[in-house]
Number of protein chains: 4
Amino acid sequence: MASSFLPLLRPSLSLCFRALRSSQCARRKLFQRTFYASTEKQALLPQLGSQGQSPATKEVQLDKPPKSILIVNKLRTQPVVLAIDALLEYVHEHYPDVRVFHEDRKDIPHGAEVWKSEQIDLVVTLGGDGTILHASSLFSAGEVPPVLSFSMGTLGFLLPFHIDDYAKALDSVFTGKATILNRMRLACTFYDTDLKEKEAGNDWQVMNEIALHRGGSPHLNTIDIFVDGQHLTEAVSDGLIVSTPTGSTAYSLSAGGPIVHPSLSALVLTPICPRSLSFRPLVFPSTSIVTLRIGDRSRAPGGVSMDGRTSHVLHPGELVTVQASPYPVPCINRSSIIDSAVAAEMQHREGAGPGKEDDWVRDINNLLQYNATFRSKALLRHSRTS
Amino acid sequence: MASSFLPLLRPSLSLCFRALRSSQCARRKLFQRTFYASTEKQALLPQLGSQGQSPATKEVQLDKPPKSILIVNKLRTQPVVLAIDALLEYVHEHYPDVRVFHEDRKDIPHGAEVWKSEQIDLVVTLGGDGTILHASSLFSAGEVPPVLSFSMGTLGFLLPFHIDDYAKALDSVFTGKATILNRMRLACTFYDTDLKEKEAGNDWQVMNEIALHRGGSPHLNTIDIFVDGQHLTEAVSDGLIVSTPTGSTAYSLSAGGPIVHPSLSALVLTPICPRSLSFRPLVFPSTSIVTLRIGDRSRAPGGVSMDGRTSHVLHPGELVTVQASPYPVPCINRSSIIDSAVAAEMQHREGAGPGKEDDWVRDINNLLQYNATFRSKALLRHSRTS
Amino acid sequence: MASSFLPLLRPSLSLCFRALRSSQCARRKLFQRTFYASTEKQALLPQLGSQGQSPATKEVQLDKPPKSILIVNKLRTQPVVLAIDALLEYVHEHYPDVRVFHEDRKDIPHGAEVWKSEQIDLVVTLGGDGTILHASSLFSAGEVPPVLSFSMGTLGFLLPFHIDDYAKALDSVFTGKATILNRMRLACTFYDTDLKEKEAGNDWQVMNEIALHRGGSPHLNTIDIFVDGQHLTEAVSDGLIVSTPTGSTAYSLSAGGPIVHPSLSALVLTPICPRSLSFRPLVFPSTSIVTLRIGDRSRAPGGVSMDGRTSHVLHPGELVTVQASPYPVPCINRSSIIDSAVAAEMQHREGAGPGKEDDWVRDINNLLQYNATFRSKALLRHSRTS
Amino acid sequence: MASSFLPLLRPSLSLCFRALRSSQCARRKLFQRTFYASTEKQALLPQLGSQGQSPATKEVQLDKPPKSILIVNKLRTQPVVLAIDALLEYVHEHYPDVRVFHEDRKDIPHGAEVWKSEQIDLVVTLGGDGTILHASSLFSAGEVPPVLSFSMGTLGFLLPFHIDDYAKALDSVFTGKATILNRMRLACTFYDTDLKEKEAGNDWQVMNEIALHRGGSPHLNTIDIFVDGQHLTEAVSDGLIVSTPTGSTAYSLSAGGPIVHPSLSALVLTPICPRSLSFRPLVFPSTSIVTLRIGDRSRAPGGVSMDGRTSHVLHPGELVTVQASPYPVPCINRSSIIDSAVAAEMQHREGAGPGKEDDWVRDINNLLQYNATFRSKALLRHSRTS
């Protein structure tokens, strides 16, 4: 099996011998060469240096230790309760000046205050990708504090920390070692047939996708799609999805969309069961404004679902505009807490900040089981019949 | 049928009445509103202003009139011959100081010189997308002069001018009105199993895609994919395609890839008949370096095809690195020659330069027939049986 | 362009010269050879002779002239009204003993009686595929009379006659020349969580498909699929479609299903936006019984849509069984009225009755525009910009 | 987790209590009801009783004990060698009159004779699906003896026995308990441009698929497709696949084709990277004859691959006809050796012979991991970073 991580630059020979079998060392050498070649080329393409990686998505470091934490969880199972208790205890003991908040629910954890819109410096989520989406929705009107997310044993696309690493993860945040990946969100604005905003001055920020869907209607809906105000097509389908790169591995993927690296600033437009066989998923620059307007002749309204939550219904002639939001979700990288030796090595890598692509590229293979061919040994179930 | 162009900003009322039916005027008003709303938001997201639209892809204007022209054509049919003659005559008459070159072939047009690597300021192509790819390949080692492309009656994805517009198009170039869209290319470098470049210092620039394919071999090939030096997966398939956004409507589309707007800087990785059902097309930022290495255990070599032309064969252990090229292809926009009235109107549009997205968004619907549902009236063939 | 019809056997030379250019004649000869070869093989495979083509789907002839006609139309536009009038006049004049019925609606045509469940010998539909589906639904409890369908100018997948051919078509029915294709239907039976039939003794016959869908619910539904009582999988998705071959070109096709020839007896199971990337469309023999049961843990009910009409809602634990119906829809073939010369020629063809496959194979290319490559000349829109 | 097997008919209550938890018993009752309902319906559809399940594919029992065995293996690894030795010893000891043959290779096993076309009553394969394909190819000219296939630890789509069951499996064959599934093959005949058979009287029988492919050519090939002698379309693509239901889970699946149950008699036509987005996989009755003819204008020949082995090259104007072969591959069912108690229970099931659908329906979920959603817990890799 090939190594899943190949540093690009200047690995010390000792490290090479220590960590890798000789064949891998050779391969590393290969990539070293490859890298040098490409470095020279990079000199020729300074203008390409940061393209496709906007300020909104590049990694940055937190500038100061948080003074307030909001804990977000959806489930209240025993493992989650225990994890919150342990985490609270750790914070109170090691960072006694920090206030810890929780949403106003019956089951507010002991040691946490009810959150009444106090300034939050750090969000901690415990649960799956859905919990992170929920945290994002708590700040759907504007800026989101950095999010430190813990999984309770499952691995999601949003690259959470394992809950067992909570101490290490918190320390990395408080000591300023944590880096963040700004995950793009979409700003959605709804208009009625009189062309008035449905909720004046109120955008909706979504992290995964906005979907228009015919819902329970027996009829396909007809949606006019405009890109930057220009008519692209009239889509007859079950619905349409506009997703972020983060959301490209969610609903859009089920509907046949491509997988888009989260550091690319792009909008993905994916049709749901389109009547036209030619209507393939499209990827636009994040500078584009996509407008979806329920056709005047549409026999079905468009039910609106944002990050999996049903909200509006759009009737014929009503529309929604979708564009990159100014308020991304700053997610703390799992690589923030990797061993210092590995980190040192990785910092020599060019381009990528410490570990960002690592997390995604490594996990995507895992999550999608690219290597699981449909005749794979891995899929063997014992076939003895006795 | 909805109008295919809706200006976003400040259309004069007179224009509105003159050019559009009232319902469209209303809709225009709608987009005006939409635009204002989004403008305010733009103020909040200055950092997003140019994201995803690198210097390599944004529109720029030519700075000075060309002094030398290279005419490129693949076919030598009667319409092409006549078109070249007319074009040459027009150039000699209106721009007498300009030298016109042609590739060294038997059928060099009267009035053109054989091109022996003289400096070229403008390339003129006559033919389909394939002719533009050929022109690109003539400059595969470095910078490409601006390309003015004419179709002979078919409309391609590379948005050529209609040949009947040759005078208007040439004038727009010589008078400095022409704008260009830099179409990203890919730089491909080949390495042997000793990790040496196969052709020292020699990159290949491709405009559409590079494809690795098992070719005539009965066996699937096994390719290790690395992204920025990190192992993504081991792909067992007929082959892999790495395409530019420009190439996303070519081979990659046939293999199931998404359609990517040419102003986005991105790499598209599309598998060809992968054994794993989970292996979906991926989109990476153009800052990524994708490395494809024929697996040591691969039973098939990888035949290499670049822009549809077979070149190398990669054996197990050999590899190719693919990244954004420093040498895009500057393509002159068809909108360079639109009516001044329309142009004036369009210049008020925000973001998009005059006509860039127009060309693509308008044509993509045409070319892919999004609106052709599979029970469409448009598909009616007379079904009378007598 | 290749000829769209190549007879397989013994075309007379004179016919060959009369009807075809010599190159086509050569090709015909080719197929003649091909056929002979395969005929010999047929002798070796008598057991394969009728496989896959059950009595329910093979072509048969009507045995006696109809004594009662039911006219079915959904729209009441001017062309439809005029067509019904002409048709009624023709029937009354040429077949005066025949009673003509119409559904009890306000707009019952002059000369027709209100249908109160009298025995019907022939159904005549005027409209698109949807009108034929509606006619099928009028007989959803049992046997369907032969259906003679006319399109009003559009060509559907259900292969209707052109309205201008109404006289010729009616004559072919009354003179016993018409042949029919029995289009398979699905019998759907619903059960509640107490395992009782929801409507005792009441099956639903559908011609295209039954779809279970999460409808307006924000949650994916979970459906256990059983084939012949055996668990196939637990599907997490937007929904599932079970379609007939006839329905394979409708909703199932939009969801990614294959196109199945209507003379094959098969069930097509197509997932709608499944969460699992491995869940591909499946095709089962029509002897299979497919059971769809909303999972106990499903967070969404399954809205049921049959031939595009919403009917039931299935809650967790409820189920529907789907199997081939004993009551197909006998559709009169368009080839029933082809010229006698052509018919004579076609009758020499082996296997296929006169014209059945013709209709489908010929039309499918048309309807799906297989030949429309996405760079096709056919898609050209004039691209002049002035 | 739902039970993967639900008998349809008359389970004794004692069995119900013995083997299943009460909830499953209830569900069984459900299916019992379901079945009764459908039984009554079956009375109405006698003509549908065996449709889609031709003699060629239905299960039959072996009529007499084999007198000669051919052992087929591709690999000669230690486990395979040991397994052959054990198997040979078992045969010699328990069935001393049986002659055992092996292909004439250097490594012929001790105790086996070199096969020189002696009559073979039973083929025993050791290896994966590829070994079964190889065994099929040894009898490509005509009838195939029953095939008893053993996997060496992997589970394939062709439903082999586990090697550890060799004694039980052989006994079931010799005692007449084994049942077989006749897996359809395709008969392929090649013609040159003079319309003469390329190999007179020589068909090729394939078990999975025949594929035409452009191979190493840079150009797409153009193939005219005829169904029963009638032109379907002109396909511009990388190639075309015609597969059996057995082959529908092989190359055709990678190219986007549906999964077809092996007891359905059908041909699957799947395009490989077609230029037209409308060209979807098609399923035809097995009575159809599909003809693929390299177009006269095709710029690429069609390399022919049959069951993964390269054979012919077809030049422009040459063609191949593909149809159901009279010589299927009789595969011994794994369910032949299930416990008698389970078998007794299963024999009450209607329609399905003992275990046929079981094998396939049970395994398909396994092999394709339908249930592995792309955020599944099953895919969890430990994500701790320390």
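# Notebook: helix packing, sheets and cysteines

**Entry 1. A helix pair in chain B.** I began with helix α3 (residues 78-94) and helix α5 (residues 166-174) of chain B, which pack at an angle of about 40 degrees with their axes 10 Å apart. That angle makes α3(B) oblique to α5(B). I noted the crossing of α3(B) and α5(B) as right-handed. The model is predicted, and I read every value below with that in mind. I then looked up which residues form the contact between the two helices.

**Entry 2. Helix α5 in chain A.** I turned to helix α5 (residues 166-174) of chain A and asked which of its residues are buried. They are A:A169, A:L170, A:S172, A:V173 and A:F174. I next listed the elements against which these buried residues of α5(A) pack. The strands of chain A on that list are β2 (68-73), β5 (122-126), β6 (147-151), β7 (161-162) and β22 (329-332), and the helix is α3 (78-94). After α5(A) comes A:G176, for which I recorded a positive phi, near 75 degrees.

**Entry 3. The sheet in chain A.** I traced an open sheet of 6 strands in chain A, with the order β10-β9-β21-β18-β12-β13 and antiparallel pairing. Its edge strands are β10 (204-206) and β13 (230-237) of chain A, each of which pairs on one side only. From one strand to the next, the twist averages 25 degrees. Within this sheet I examined strand β18 (residues 290-294) and strand β21 (residues 319-324) of chain A, an antiparallel pair held over 4 bridges.

Entry 4. I repeated the search in chain C and found an open sheet of 6 strands in the order β10-β9-β21-β18-β12-β13, with antiparallel pairing. I asked why one side of β10 (204-206) and of β13 (230-237) of chain C is left without a neighbour in the sheet. These two strands stand at the edges, and each has a single partner strand, so one side of each remains without a neighbour there. Direction ignored, neighbouring strands of the sheet are turned by 25 degrees against each other on average. I also looked up strand β9 (residues 186-191) and strand β21 (residues 319-324) of chain C, which pair in the antiparallel sense over 6 bridges. In that pairing, C:C188 has C:V322 in β21(C) as its bridge partner.

**Entry 5. Strand β18 in chain C.** I gave strand β18 (residues 290-294) of chain C a separate entry. Of its 5 residues, 5 are buried, so the strand is largely enclosed by the rest of the structure. Strand β12 (residues 221-227) of chain C pairs with β18(C) in the antiparallel sense over 5 bridges, and C:F226 has C:T291 in β18(C) as its bridge partner. The pairing of β18(C) with β21(C) is also antiparallel, over 4 bridges, with C:V320 in β21(C) as the bridge partner of C:L292.

Entry 6. C:I259 stands opposite D:L282 in β17(D). Within chain D, strand β16 (residues 266-272) pairs with β17(D) in the antiparallel sense over 4 bridges, and D:L267 stands opposite D:F284 in β17(D).

**Entry 7. Cysteines.** I asked how many disulfides there are over all chains. The count comes to 0 disulfides. The cut-off for a pair of cysteine sulfur atoms is within 2.5 Å. I examined two cysteines against this limit. The sulfur of B:C188 lies 18 Å from the closest cysteine sulfur, in B:C331, which is too far for a bond. B:C188 counts as buried, at 0% relative accessibility. For C:C273 the closest cysteine sulfur is in A:C273, at 5.0 Å, again too far for a bond. C:C273 is buried, with a relative accessible area of 7%.

Technical notes. Residues are numbered from 1 along each chain as its sequence is written. Chains are lettered from A and ligands numbered from 1 in the order in which they are written. This is a predicted model: local features need pLDDT of at least 70, side-chain atom pairs count only at pLDDT 80 or more; totals for chains, interfaces and linings use all residues. Side-chain values use heavy atoms; hydrogens and water are left out. Buried means under 20% relative accessible area, exposed over 50%, partly exposed in between (1.4 Å probe, protein chains only). Two strands pair if DSSP finds at least two bridges between them. Axes are lines fitted to C-alpha atoms, for helices over the stretch in contact, and angles run from 0 to 180 degrees between N-to-C directions. Angles under 35 degrees count as roughly parallel, over 145 as roughly antiparallel, 65 to 115 as roughly perpendicular and the rest as oblique. A crossing is left-handed if the near helix is turned anticlockwise from the far one by less than a right angle, and right-handed if clockwise. Contact means heavy atoms within 4.5 Å.
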